[in-house]
Amino acid sequence: MDLDLMINSFPKLLSATLTTLKLLSLSLIFGLILGLIFAIMRLSKKKIIANFSYSFSYVFRGTPLLVQIFIIYFGLGQIEYLRSTILWTVLKEPYWCAIIAFSLNTGAYTSEILRSAFQTIKPGFIEAGKSLGISNKIIFYKIQIPIAIKQSLPAYGNEIILMLKGTSLASTVTLMDLTGVAKYIISTTFKPVEVFIVAGSIYLFLTFLIHNFIKFAEKKMGTN
Amino acid sequence: MELLYFGTKGWGDELFVAFLMTIAVSITAMFIGILFSIVFTPLKLSNNKVLNFISNFYTTVIRGVPELLVIYLLFFGGSGAVMFVASMFGYNKYIEINAFITGSFAIGIISGAYSTEVFRGAIQSIDRGQFEACKALGFKKFIYFLKVIIPQMLRLAIPNLSNVWQITLKDTSLISVTGLVEIMRQSYIAAGSTRDPLFFYSFAALLYLILTFVSMKILNKLENKYSRGF
């Protein structure tokens with residue numbers, strides 16, 4: 001055990017944690033919006049829209065995140081047309097490519113979580129709203145969405161943790177996140193165990209925080 | 001399409017071999033994972049606090065730390081650990097572990113943590129009466145686990161195990177960082193030498209989709225078979 005290395009690498013890894021957290025929070029926000037849109041599309045009565053949403057989530061859940069990042073980062077740059085549009089300012093940055101890939105990926109999983117939450121809402125709630133003469137829009141915003149959020153919290157908590165682990169793939173497209181820096185230190189010092197212990201504890205601590213935050217939120221919302 | 005020709009002209013045969021390699025690594029890793037869970041599930045269910053702690057430590061750490069980090073640990077530390085064990089037996093030469101073994105072992109450890117949780121959940125949701133009935137009939141512990149508990153557990157575990165399989169299958173893409181030539185690595189090589197990453201990575205995505213689709217169909221059949229009568 002090389003304690004000095006562990007102590008020396010801690011600040012470096014901690015500052016890399018900031019990158020990891022930035023990646024995580026941005027992709028969760030975009031992913032949640034995408035997930036909600038796709039969940040609503042999935043429940044649409046028009047078959048084309050529902051099928052489109054289904055195939056989106058199927059493709060993104062059926063392929064590894066690594067392929068998705070590589071397609072967006074290495075693949076899209078190959079299209080000449082894209083290079084001339086304004087999109088290129090975003091797509092040439094590995095940072096944004098990673099966020100796009102993560103958002104699409106977590107969006108696909110979130111849409112499944114939200115869809116099943118919407119589908120398990122008892123029809124009685126919606127009927128009660130209708131019989132009171134409440135408009136469909138208000139039923140959706142005031143009844144369906146709050147119940148769906150409550151029901152999907154435990155599953156969404158798992159998704160956040162999976163996404164935290166997913167952000168480690170950003171290191172494959174040259175970003176120096178927690179895993180990227182850990183790999184750099186390992187490959188320069190050849191002390192994998194020590195670095196693994198430090199970086200792993202940071203990840204575990206984050207997982208622990210997320211887990212407890214979700215538990216707290218569940219309690220607050222009164223779900224059991 | 002020429003890029004996919006077999007032989008020296010295209011990358012068809014290389015990608016096909018890589019495709020088989022992904023399947024081989026996934027199956028080996030899943031198998032190693034199940035071996036791990038056969039060891040750790042009883043520890044998790046035991047009344048001994050120390051054994052409980054060991055097993056909980058394993059599943060929590062592996063499920064809370066990114067897969068890539070575990071792979072780096074084994075990739076950079078694996079041969080050192082093996083050499084250390086070998087040196088205790090008086091073997092001091094350099095040992096290089098093959099990428100296939102490191103890779104499937106790394107993914108197997110990860111997959112094992114998930115399947116341990118699956119087995120634990122399945123055993124815990126078996127009716128307590130079943131255990132008591134076995135004890136009342138005076139069965140030996142080994143017999144009643146083999147003949148009564150495990151068949152019932154499998155029915156409950158298979159849907160979740162198929163999820164673990166899907167996770168394992170997708171995780172194998174990560175061991176491309178160690179240089180094992182599976183789908184992802186081969187696509188990386190092909191994309192580098194033809195300057196056509198979009199095509200090759202999309203093709204890799206398609207191959208993974210085929211794998212997940214086919215395995216889902218097979219696992220659904222298995223699920224139906226084990227839930228006959230329910």
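A:T106 lies in helix 6 (residues 94–119) of chain A; helices are DSSP runs of H or I of at least four residues, numbered from the N terminus. This is a predicted model, in which local features need pLDDT of at least 70 and side-chain atom pairs count only at pLDDT 80 or more, while totals for chains, interfaces and linings use all residues. Residues are numbered from 1 along each chain as its sequence is written, chains are lettered from A in the order in which they are written, and side-chain values use heavy atoms, without hydrogens and water.

A:T106 counts as buried because its relative accessibility is 0%, the limit being under 20% with a 1.4 Å probe and protein chains only. Leaving out residues up to four places away in sequence, A:T106 touches A:S27, A:L28, A:G31, A:E159 and A:M163; contact means heavy atoms within 4.5 Å.

| Item, chain A with chain B | Value |
|---|---|
| Residues in contact | 37 of chain A with 37 of chain B |
| Buried area | about 3,000 Å² |
| Salt bridges | one |
| Residue pairs in polar contact | eight (both at pLDDT 80 or more) |

Buried area is the accessible area (1.4 Å probe) lost on putting two parts together, summed over both. A polar contact is a pair of N or O atoms within 3.5 Å; within protein, one must be able to donate a hydrogen and the other to accept it, and residues adjacent in sequence count only if both atoms are side-chain atoms.

A:K165 forms a salt bridge with B:E67, with the closest N and O atoms 3.6 Å apart; the rule asks for a side-chain nitrogen of Lys or Arg within 4 Å of a carboxyl oxygen of Asp or Glu.

Technical notes: Helices (H or I, at least four residues) and strands (E, at least two) are DSSP runs, numbered from the N terminus. Buried means under 20% relative accessible area, exposed over 50%, partly exposed in between (1.4 Å probe, protein chains only).
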